[in-house]
Amino acid sequence: MRARANSFKNLASSFDRELENFFNSASTSLVAPPSENNFVKKLQPKISEFRRVYSAPEISKKVLEKWGPTRAKLAIDLSSIRNALVSEVEGYDYDGDRVWRGRRRLKFKEFWGEWKDEEENEGNQTEEWKPIRDLKKRFKELEKKSELGEIFEGFKNSELVEKVKSSLKSIRKDPQESQEVPPLDVPELLASLVKQSGPFLDQIGVKRDICDKIVDSLCSKRKNQLLLHSLSSGESSLVGDDNNGNTDELDVRIASVLQSTGHHYEGGFWTDNAKYIPEDGRRHVAIVTTASLPWMTGTAVNPLFRAAYLAQSDKRNVTLLVPWLCKSDQEIVYPNSLTFSSPEEQESYIRNWLEERIGFKADFRISFYPGKFSKERRSIIPAGDTSQFIPSKEADIAILEEPEHLNWYHHGRRWTDKFNHVVGIVHTNYLEYIKREKNGALQAFFVKHINNWVARAYCHKVLRLSGATQDMPKSVVCNVHGVNPKFLRIGEKVAADRELGQHAFSKGAYFLGKMVWAKGYRELIDLLAKHQTDLDGFKVDVYGNGEDALEVKSAAKSLNLNLNFLKGIDHADSSLHGYKVFINPSISDVLCTATAEALAMGKFVVCADHPSNEFFRSFPNCLTYKTSDDFVAKVKEAMEKEPQPLTPEQSYNLSWEAATQRFMQHSDLDKILTEDRGAATATTRPPMPAVPKASEVLDGGLAFAHYCLTGNEFLRLCTGATPGTRDYDKQHCKDLRLLPPHVENPIYGW
């Protein structure tokens with residue numbers, strides 16, 4: 001019996017080798033059918049011998065009991081036999097070769113017939129093993145299937161396919177199984193149209209109460225129809241007993257219908273609502289400005305302090321995005337011929353300057369975007385799409401310092417499409433500067449409307465530092481700037497010295513500012529020239545550098561004015577601590593930073609009674625004048641008296657902590673953050689559909705028109721754009737390690 005078992009094992013190994021050889025030659029058989037396939041001939045005696053050995057009564061039950069299930073287990077995959085024979089019989093209809101396919105079927109029938117004859121001659125000596133019996137049954141079934149389509153038909157009706165169908169049905173709910181929501185009918189559609197058209201109807205003279213009555217009437221008709229339908233069908237009424245008004249019911253109906261259809265508004269032709277969604281509880285704030293240190297201008301200094309103080313909260317990640325100038329522009333803009341060879345070098349300079357003044361390490365990121373200096377406009381113009389330098393995963397809240405300046409020639413993605421909330425802060429009174437130029441009135445007219453255009457298209461809220469700026473859409477007036485903490489510490493030291501009886505101020509009056517006519521130099525020369533006799537002996541030291549320095553000095557010299565011109569220095573320099581009076585006659589500023597710094601140091605400030613100085617009037621050391629004669633009186637008063645020390649409340653109002661608090665309040669950021677925290681707990685009534693309002697559609701249309709116009713290089717040059725600012729150039733690519741514009745934004749079809 002052991003010899004018979006060894007023979008059985010050898011037969012199994014031989015069968016495996018033959019089957020492996022068959023699969024190795026299968027691909028060759030597919031491409032070109034052989035003249036004679038030896039597989040069937042070789043397989044025929046093996047199968048017969050296998051049956052005879054396996055059917056022997058000696059190894060039926062006793063052998064299995066002796067060897068156990070592990071030893072008696074055959075390492076033969078019978079399904080492989082079936083698959084091989086199925087492929088050999090039915091799967092090789094290659095290029096319509098019906099003759100070869102028929103030959104394979106004939107070989108199979110001959111083999112099967114000889115097997116059946118041998119089975120009948122041998123007789124039923126013992127009961128066959130079930131796997132062999134199932135295998136033969138499968139062969140018979142396959143023989144009956146003459147076409148390949150029958151096999152696929154069987155697969156279609158198999159148990160696996162039925163399970164897949166049932167799984168898909170469980171995922172997709174049948175509308176009949178869920179609660180059916182009736183679609184919007186004509187009265188409801190008309191009511192929604194009238195409601196959305198309220199602002200337009202109000203403009204043409206249709207009062208709001210008339211619109212409300214029309215909506216109520218249309219909604220009442222709908223409720224009556226539903227009531228009649230429910231009574232006639234015997235169903236419960238769809239009209240609830242709790243009626244909060246037809247307007248609210250209409251909103252809920254629209255939301256329910258949209259929700260039942262699975263519709264979600266994701267923006268239209270002019271909008272794109274695929275925006276950043278905060279997941280870790282931290283909000284991302286991007287501050288984009290138009291200048292950078294070492295250029296000592298307001299749009300370089302104030303955004304830097306804003307970033308530092310906003311980043312003090314552990315709930316916000318802050319990024320400051322500043323312009324990067326090529327070395328040729330740096331030599332023109334930055335003082336003392338200071339240049340940087342890399343953005344990392346300039347970032348190190350900026351951080352060192354900031355930390356020396358605020359006294360703590362600021363935890364925010366500094367990034368750069370390409371910019372070019374315009375000599376005609378004396379400002380930096382962004383090159384390319386500035387918004388692309390803020391990653392989409394961080395596009396949450398954007399603060400645009402000088403939004404009109406940033407977007408005059410902006411040709412890229414709309415800020416309000418990419419960011420959840422966009423706040424613009426107006427720093428500069430550009431209209432006042434333009435009016436001083438040739439044909440200034442005409443230019444100011446166009447610039448005024450362009451500023452309104454871009455502010456409305458690209459901002460959700462606009463903050464104006466003072467009433468000296470033009471009135472823009474979506475704007476409020478609020479001073480959201482503070483002073484460098486270093487100036488407050490200087491003021492505290494001056495107050496302490498005075499308490500000790502020391503003389504704090506040993507010098508008279510001074511003026512500090514960039515030496516251009518629009519920064520108050522024209523007004524200063526005119527006032528001193530007019531009252532030269534009244535102010536006999538009054539001397540003013542002037543600190544500043546600028547493009548108009550030669551003209552300003554020449555004009556003062558020709559009028560024999562008592563002005564001492566000195567090189568521009570930092571306002572916190574120790575050489576300026578001894579001055580008692582700061583003169584600032586400028587009426588072109590929006591909010592003069594130097595005025596706030598002088599007040600923080602405990603000095604007198606003599607300035608014009610102008611909207612730009614409205615915030616400073618509450619300070620007792622701020623002396624404002626309305627006329628030139630009043631100017632003389634205020635100067636004499638300041639020179640004769642001693643300034644009062646600042647109270648703690650006054651010092652706090654000048655600080656960046658107070659400015660940050662005012663900014664959060666007036667920009668609606670505190671409200672937005674509060675609403676976002678409570679959104680997860682709001683479970684009342686169905687969600688309202690994000691249907692765009694008429695004003696949003698109009699703003700989107702303005703943004704689209706602006707995008708089209710700024711894409712034309714000829715129109716850009718006609719309106720004063722710096723050549724080559726629609727995209728950044730090769731030098732910017734090298735300095736900032738950027739991809740070329742044609743690679744970043746490829747144009748297909750050329």
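A residue is called buried when its relative accessible area is under 20%, exposed when it is over 50%, and partly exposed in between, with a 1.4 Å probe and protein chains only. By that scale K626 is exposed, with a relative accessible area of 69%. This is a predicted model, in which local features need pLDDT of at least 70 and side-chain atom pairs count only at pLDDT 80 or more, while totals for chains, interfaces and linings use all residues. Residues are numbered from 1 along each chain as its sequence is written, and side-chain values use heavy atoms, with hydrogens and water left out.

**Salt bridges**

- Side chains of opposite charge can pair when their charged atoms come close.
- The structure holds 23 salt bridges, a salt bridge being a side-chain nitrogen of Lys or Arg within 4 Å of a carboxyl oxygen of Asp or Glu.
- One of them joins the side chains of D548 and R378, at 3.4 Å from N to O.
- Because D548 lies in the loop between β10 (540-543) and α23 (549-558), and R378 in the loop between β3 (365-374) and β4, this pair ties together parts that are 170 residues apart in sequence. Helices (H or I, at least four residues) and strands (E, at least two) are DSSP runs, numbered from the N terminus.
- Within this pair, D548 is buried at 8% relative accessibility, whereas R378 is partly exposed at 36%.

- D609 forms a salt bridge with R617, in which the closest N and O atoms are 1.9 Å apart; D609 is partly exposed at 27%, and R617 is partly exposed at 35%.
- The side chain of D609 also meets that of K626 in a salt bridge of 3.9 Å, N to O.
- Through salt bridges that share partners, D609, E614, R617 and K626 are joined into one network.

**Buried residues and their contacts**

- S466 sits in the loop between β7 (461-464) and β8 (475-477) and is buried, with a relative accessible area of 4%.
- A polar atom of the S466 side chain lies 2.4 Å from the backbone oxygen of V590.
- Not counting residues up to four places away in sequence, S466 touches V477, V590, P611 and S612, where contact means heavy atoms within 4.5 Å.
- R464, which lies in strand β7, is also buried, at 8%, and leaving aside neighbours within four places in sequence, its contacts include V426, D471 and C478.
- The side chain of R464 makes a polar contact with the side chain of T469 at 2.9 Å; a polar contact is a pair of N or O atoms within 3.5 Å, and within protein one must be able to donate a hydrogen and the other to accept it, while residues adjacent in sequence count only if both atoms are side-chain atoms.
- I381 belongs to strand β4 (residues 379-382) and is buried at 1% relative accessibility.
- Beyond residues up to four places away in sequence, I381 touches several residues, among them H405, Y409 and T722.
- I381 and P323 are 58 residues apart in sequence, and their C-alpha atoms are 8.7 Å apart in space.

**Helices**

- F445 is placed in helix α20 (residues 440-458) and is partly exposed, with a relative accessible area of 48%.
- In helix α27 (residues 656-666), the buried residues include W656, F663 and M664.
- Just after α27, D668 takes a positive phi of about 70°.
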